[in-house]
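Here's a quick briefing to read alongside the coordinates. Have a look at the fold first, then work through the notes below.

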Amino acid sequence: MTVQRQKWLSAYLFLFFVCLESPLLIIVLTSFSSDETVSFPPAGLSLRWYADLWHQLWNQGGVKPGLAMSLWTSVWLSVLSAAGATVAGVAAALGLRFFSSRSAGILKQYLLFPILFPQVVIGIGLLLWFSALGGMPVWTKLLLGHFILTMPYVVVTTSASLEMLDPALEEAAMNLGANFVRTLGHVTLPMIRAGILSGALFAWLTSFSNFTISFFLYSGETRPAPVWIFEVLQFVIDPSLAALSTVLLLTTLVVLFSANRILGIGRLVGLRR
Amino acid sequence: MIVMTDKPAIPELEVCALSKRFRDSTAVQDVSFRIWPGEFVSLLGPSGCGKTTTLRMIAGFVTPDEGQILLRGQDITRFPPHRRKVGLVFQNYALFPHMSVEQNVGFGLRMQRASSSQTRDRVNWALNRVRMSGLEKRRPHELSGGQQQRVAVARVLAAGASLLLLDEPFSNLDAKLRHSMQIELRDLQQQLGVTAIHVTHDQEEAMAVSERLIVMNAGRTEQDGSAEDLYIRPASQFVANFIGYGNRIRGRVQQEQANAEFVRFDIESGATILASRANSSVLTGRIIAFVRPEDVIVGPAGSHPPEKGNVLRGTVRRKVFLGPTTTLHVALNERTELFVKIASNAVSALNLGSSSDTVDIWLPPERIRLLPD
């Protein structure tokens, strides 16, 4: 009976994951197609679209120009905005502790607004602001936009870690002669390391895969990879885009898995120190 | 006149009229005491009595609303915690989980920017004192509760604190280990000549480790004295009931007094009882006569009491054998029942059960203490 129940459970889990991951699965499968156009199921398997992608990367012209530039933009944009969001988010989470639990709760709600509202609304809002201010470089606009979008994740994960931190540890440090800054450096930050790193990771992931905000703020050649894919998609649909998506997916997975190897999944979600 | 005293001129710690109100309640109200160098003092009281708040004010984690805290004569009331140099041993030890034993113990020295050789020597010395040498590289989670406590003590000793604050330090240990750690900590404190303030709700623990107890209740100090003082001469009903067990008999002091030595009072059953004046904190009006179960003398009904007076007739309702002693529940009337503790080998002399359960109770006047009702 138990065996049978386990079988059903396995079947259910299998179906669950197939449904969950099917969009990714179809992209990955399509990327290995030997067809000229995107179709599913592919008639044959090949690596030709990966070769095509490699070719595009080094050729600036053609129907799909600017791939290298957009990948480079995505990498820098996601790393820089995640770094900024981490510094600001950790500072915000630490600052929230100086308020009463009531005020801190209200302030935290405000800090979370950017991820609670539709990104289209945030995007339009940012567009209006930036055009009102005028003359801002595209990089400034993209970085600010992504910073606003990603910082809340850092606040959430860092606050969660801080709530689990035993206040006696910080008091012990102070009692032993550590001032505020040294208590922070020697005890508080090391103890909430996992929360900070998982926040930074979420921030990077959010920025790296973001389309909506980027779409409102990019201009010219400075367009992050998801926007580039969308733009190209309007003119040509061939499996090289699936190949690019697979590469991006793989990059994300590699980052997540190496973070997991360093921290452990338990630490990543803040369950284990 | 010159008063000779063995106390040094400056107390290690002096707390003057300390008060703290939290939003909805008064945690500590007008608390004052002095701790002399080398003393081991317990702040004793039920939870919520203000003892922990007092300790946290001394450590600097709670700012008092009123009053002063003097450490060796210096006013530290407004000092931040990291500049106080008082060593706090936390209830859960609060060892840094991301540091080894060695790093934990050396933390205070690193904060004082001591040289690495000095830090090493001092860490070794402190770990040696708490018998933890050889476990330097362990992480806190690899240690037993008793070992964690030793590291916590070594950590404040290494940092050079001469005043130790112990917040319920034994409550997370099992009973057997608790006793040996109490003895160990007390020995260590005496060898090093440091001063310790110990917070607990456990009166036995306080009596076991401390030479002086400060009993707190509802934010105030009830009594400050040795364990014997508190046991024999409790100042209030609260202290009388908190320290050990006791019998309380309601009564009213008579207008005309017996003599200089004794005070006479009536109890509800109508009998008149004498109590010595020396032990009593009130001598007029409605009172509670307090007497310890082991101070009550019991004999067979009709037997001659050791002295005249203070003899009451009672009925044994319950007899509880506890090994060396036996507790008798003796009813004087419908409402008043006394607990009497006698040696178990004296029970047979009472002839209980054979003819009747009636006994004579004698309350020695010098063992009765009158407390305000």
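Predicted model: local features only at pLDDT ≥ 70, side-chain atom pairs only at ≥ 80, totals over all residues.

How many helices and strands are there in chain A? Chain A has 13 helices and zero strands, where helices (H or I, at least four residues) and strands (E, at least two) are DSSP runs, numbered from the N terminus. As for labels, residues are numbered from 1 along each chain as its sequence is written, while chains are lettered from A and ligands numbered from 1 in the order in which they are written.

**Chain A overall**
- The C-alpha trace of chain A spans about 70 × 70 × 30 Å along its principal axes.
- Of the 273 residues in chain A, 34% are buried (20 or more other C-beta atoms within 10 Å of the residue's own; exposed is 12 or fewer, partly exposed is in between, and C-beta atoms are placed from the backbone).
- Take the contacts in chain A between residues at least 6 apart in sequence: 73% of them join residues at least 24 apart (a contact means C-beta atoms, placed from the backbone, within 7 Å).

**Helix α4 of chain A**
- Helix α4 (residues 101-116) of chain A has 16 residues and should span 22 Å at 1.5 Å a residue; its end C-alpha atoms are 21 Å apart, which agrees (the expected span is 1.5 Å times one less than the number of residues).
- α4(A) bends by about 30° at Tyr110(A), with a proline, Pro114(A), following within four residues (the bend is the angle between axes fitted to the seven residues ending there and the seven starting there).

**Where the chains touch**
- Chain A puts 16 residues into the contact and chain B puts in 18 residues.
- On the chain A side, the elements giving two or more residues are α7 (167-175) and α8 (180-191).
- α7(A) supplies the largest share of that side, six residues.

**Strand β7 of chain B**
- Five of the five residues of strand β7 (residues 163-167) of chain B are buried, so β7(B) is largely enclosed by the rest of the structure.
- Leu163(B), Leu165(B) and Asp167(B) point one way from β7(B), and Leu164(B) and Leu166(B) the other way.
- Strand β6 (residues 87-89) of chain B runs parallel to β7(B), joined by three bridges (strands pair if DSSP finds at least two bridges between them); Val89(B) has Leu166(B) as its bridge partner.
- Five bridges join β7(B) to the parallel strand β8 (residues 195-200) of chain B, where Leu165(B) partners Ile197(B).

Technical notes
Contact = placed C-beta atoms within 7 Å.
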